[in-house]
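Here are my notes on the salt bridges. Please read them with the coordinates open.

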Amino acid sequence: MISNCRRCRLSEGRNRIVHGQGPSGSRVAIIGEAPGAQEDAAGKPFVGRAGKLLDQSLEMHSVRRDRVFVSNIVRCRPPGNRKPKRDEIAACRPFLIKELSSIEPRIVMTLGGVAFTALTGSSRPLREVAGKRFDVELNGIHLTVVPNYHPAAAMRSRAIRRSFEKIIAENLSGKKGR
Ligand code: SF4
C-alpha cells in the first residue's frame, strides 16, 4: 500500500512518502527526481529552495503552481540526497504511472537528467535534449515530454538558469490548467 510502501530500500530512511500534488485535470505535469530533506519533512513535493525557484519561474511566466501537477520519479528521499538507483526507480514506477494516468497531462516537463531518463529511456545528456519534445508511451498513455534542467542546477549556474526559464516560457506559458 502506498501509505506504508516498502517496495524499495528508500523506505528505510524516509520520514514521509511524498505524493504528487496538483489538480486532477492539470494540463501540465512537472516531474522531478526525488524528495529532499524539506519535502521529506513536509510530505509535499518541491517545497525547499529548489521548489521556491520553480514557483518563481512558473509565476514569472503566468503559470500557477496550484494549477499544475508536481511529482517525482521516486516518492521517498534517498539518503544524503543521492540520486535514486535504477531498481528504486523501477519499484516506484507504478505509482508514477498511476498518477499520470489519472491526470493525463498534455505536457510532462521533467526536471533533471534522472527524471528525463526514467520517463523516456534515453540516456542522452541533458544539454543535448533540454527544451526538445519527446513523444512517449507509458503503459498506453501518450505523453509529450519536455526535458528541463533541475532548479537546483539553475540555482548554481546563471547560464542554466536562463535556459531553465526559457524552456518554461516556451512550453508552459499560458498553460494554466483546465
Ligand atoms: S520510493 Fe516508491 S517504491 Fe520505494 S518505498 Fe518509497 S513509495 Fe515505495
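Predicted model: local features only at pLDDT ≥ 70, side-chain atom pairs only at ≥ 80, totals over all residues.

The points below go through the charged pairs one by one.

1. The structure holds 10 salt bridges.

2. E33 and K83. These two form a salt bridge, with 3.7 Å between the closest N and O atoms. E33 sits in the loop between β1 (28-32) and α1 (37-42), and K83 in the loop between β2 (69-72) and α3 (86-103), so the bridge ties together parts 50 residues apart in sequence. E33 counts as buried because its relative accessibility is 13%, under the 20% cut-off. K83, at 53% relative accessibility, counts as exposed because the cut-off is over 50%.

3. E99 and R75. Here the closest N and O atoms are 3.0 Å apart, and the pair forms a salt bridge. The bridge links distant parts of the chain: E99 belongs to helix α3, while R75 lies in the loop between β2 and α3, 24 residues apart. Are the two residues buried or exposed? Both E99 and R75 are buried.

4. E88 and R82. This salt bridge has its closest N and O atoms 2.8 Å apart. E88 counts as buried, at 0% relative accessibility. R82 is partly exposed, with a relative accessible area of 23%.

5. The network. Which residues do salt bridges with shared partners join into one network? They are R9, R82, D87 and E88.

Note on methods:
Residues numbered from 1 in each chain as written. Heavy atoms only, no water. Salt bridge = Lys/Arg side-chain N within 4 Å of Asp/Glu carboxyl O. Helix = DSSP H or I, 4+ residues; strand = E, 2+ residues; numbered from the N terminus. Buried < 20%, exposed > 50% of the residue type's maximum accessible area, 1.4 Å probe, protein only.
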